[in-house]
Amino acid sequence: MDELGVRASALVARRPRDARLRRVGTSRGGTPLWLLSVGHGSRHTLVVAGPHANEPVGGATVLRLAERALADPRLGAGADTTWNLLLCLDPDGARRNEGWLSGPYTLGRYFRHFFRPGFLEQPEWLPDGAEHAALPETRALLDLQDELRPFFQCSLHGVDVGGGFVELTHDLPGMAQRLAQTAARLGIPRELGPYDTLYWPPLGPAVYRIPPPRRGDLAAAITEAAVESTWFHPHRYGTVTAVVEAPMWGVAAVADGSPSADAHAVLRTVSRTLRDDTRLMEGFLARIRPHLTHVPDAARLLAPVDDYLLVGPGLADSWDPDTYASGERRLPPLDSARLTALGISGRRVALRTAGLLHQLARAAGREAADVLPELDALIDAWCADYSEGYGARWIPVARQAEYQARVVLAAFELAGRYAPVRAHSGESGWGSGAAVPMHTE
């Protein structure tokens with residue numbers, strides 16, 4: 001986190017006429033929220049890094065984008081554009097991930113030091129609407145969107161295990177082809193059926209349309225109901241939002257669009273495994289929780305644990321072909337890519353929970369020490385399943401950032417060419433339509 005600010009300050013010192021750094025808010029923990037702006041154009045682009053605490057690549061990406069905007073007049077003066085780059089939206093959460101950020105980059109180290117706030121503390125999510133947003137990080141972003149009225153907004157996310165994909169609030173013709181070219185050149189697998197987009201309309205391979213939001217309760221929003229978000233807040237200004245996902249550990253099978261021999265059998269296995277894993281984690285939590293009364297800030301770790309344990313059974317039921325309720329929406333056709341993504345996602349819920357419980361048990365000290373060997377064995381086994389069963393391989397940070405930067409620049413170019421200019425009130429279908437899954441990746 002500190003390095004981001006230092007590098008941004010050095011860039012401004014080197015190019016003071018073209019770049020500036022300002023504080024646009026303060027986090028819950030008192031950390032400044034820094035905005036790096038490059039250029040002096042009348043049209044604004046807003047790029048948000050670090051919306052999820054465990055997805056650090058966006059910080060490297062925005063610095064790369066700043067350097068390119070300074071070096072290429074076509075991105076600044078030639079496009080009449082100012083690039084506004086928010087260095088990190090959740091700096092407090094990002095600091096909690098520093099236990100794995102310095103390497104070595106192994107799945108076991110990542111999950112043992114994983115942190116992401118509970119769903120109600122994720123700053124891009126507006127479950128009660130923008131007018132009731134309480135988090136200072138969220139308010140800072142909303143104010144920035146209302147100030148800049150960007151024609152293009154990009155949210156930089158990371159997939160811990162899987163592939164790259166893009167989500168758009170408006171269709172950008174040509175995006176799928178540009179994504180395919182970039183992924184091929186850099187050896188990044190495209191995720192052809194992410195869990196996040198299970199019910200969303202595809203705009204092309206690994207590119208998905210984000211349906212307009214509706215409000216829903218917590219449990220529903222996490223699984224498949226709609227919620228408002230900062231992705232759609234500037235929609236009233238004609239803003240096109242792109243959510244760009246870059247994988248940390250790539251899995252080739254998420255790009256396999258071939259038919260599955262028996263999709264229902266795979267779904268039953270994935271669902272049963274998630275139910276079993278959830279019960280295991282509930283048992284560990286019951287053993288650890290009594291020893292947390294004197295652990296400082298235990299509530300911050302318990303909140304996401306409780307959320308994951310809440311959603312696990314619901315996800316399992318929604319994927320299990322034997323438990324569909326009467327009249328419930330069925331899953332879309334499932335090829336090998338989608339089934340792989342669901343298997344990875346189910347195990348991810350369990351691994352994140354196990355990693356958080358591991359941190360809680362360590363903090364509790366000797367009273368919970370007997371839990372650690374059991375959790376260690378599970379984490380090791382599940383990480384081995386990712387690496388050996390799914391073939392997950394680490395993608396170097398520089399390649400992650402280069403991939404993400406190229407995808408952002410492609411979306412920026414296409415948004416400048418195709419972006420509609422519409423008022424919020426004139427957008428047909430706003431506030432209605434198909435339910436939207438909570439964006440949990």
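Modeller: Helix 6 buries Glu 137, Thr 138, Ala 140, Leu 141, Leu 142, Leu 144, Gln 145 and Leu 148. Buried means under 20% relative accessible area, exposed over 50%, and partly exposed in between, with a 1.4 Å probe and protein chains only. Helices (H or I, at least four residues) and strands (E, at least two) are DSSP runs, numbered from the N terminus.

This is a predicted model, in which local features need pLDDT of at least 70 and side-chain atom pairs count only at pLDDT 80 or more, while totals for chains, interfaces and linings use all residues. Residues are numbered from 1 along each chain as its sequence is written, and side-chain values use heavy atoms, with hydrogens and water left out.

Back to the helix. An α-helix has 3.6 residues a turn, so residues three or four places apart point the same way. The 13 residues of helix 6 should span 18 Å at 1.5 Å a residue, and the end C-alpha atoms are 18 Å apart, which agrees. The expected span is 1.5 Å times one less than the number of residues.

Just after helix 6, Arg 149 takes a positive phi of about 45 degrees. Most residues other than glycine have a negative phi, and most peptide bonds are trans.

Asp 297 also has a positive phi, near 65 degrees. The loop between helix 9 (263–288) and helix 10 (298–319) holds Asp 297. Asp 297 is partly exposed, at 43%. A cis peptide bond joins Gly 103 and Pro 104, with omega about -5 degrees. Pro 104 lies in the loop between helix 4 and helix 5 (107–112).

Next, strand 7 (residues 165–168). In a regular strand the side chains alternate between the two faces of the sheet. Phe 165 and Glu 167 point one way from strand 7, Val 166 and Leu 168 the other way, and all are buried. Strand 7 pairs antiparallel with strand 11 (residues 240–250) over 4 bridges. Two strands pair if DSSP finds at least two bridges between them. Glu 167 stands opposite Val 243 of strand 11. Strand 7 runs parallel to strand 9 (residues 207–209), joined by 3 bridges. There, Leu 168 faces Arg 209.

Last, the largest pocket. Its volume is about 560 Å³. Of its 26 lining residues, Glu 3, Leu 4, Pro 56, Ala 60 and Leu 101 are the closest to the centre. Helix 1 (2–14), helix 2 (57–71), helix 4 (98–101) and helix 13 (397–418) each give two or more residues to the lining. The largest share, 4 residues, comes from helix 2. The lining divides into 16 nonpolar, 6 polar and 4 charged residues. Ala, Val, Leu, Ile, Met, Phe, Trp, Tyr, Cys and Pro count as nonpolar, Asp, Glu, Lys and Arg as charged, and the others, Gly among them, as polar. A pocket is an open set of points on a 1 Å grid over the protein atoms alone, where a 1.4 Å probe fits, with protein on both sides within 12 Å along at least five of seven lines; lining residues have an atom within 4 Å of a point. The volume is the space filled by probe spheres set on the points, which are joined across faces, edges and corners.

Helix 2 has 15 residues and reaches 21 Å, close to the 21 Å expected. Its buried residues include Val 57, Val 62, Leu 63 and Leu 70.
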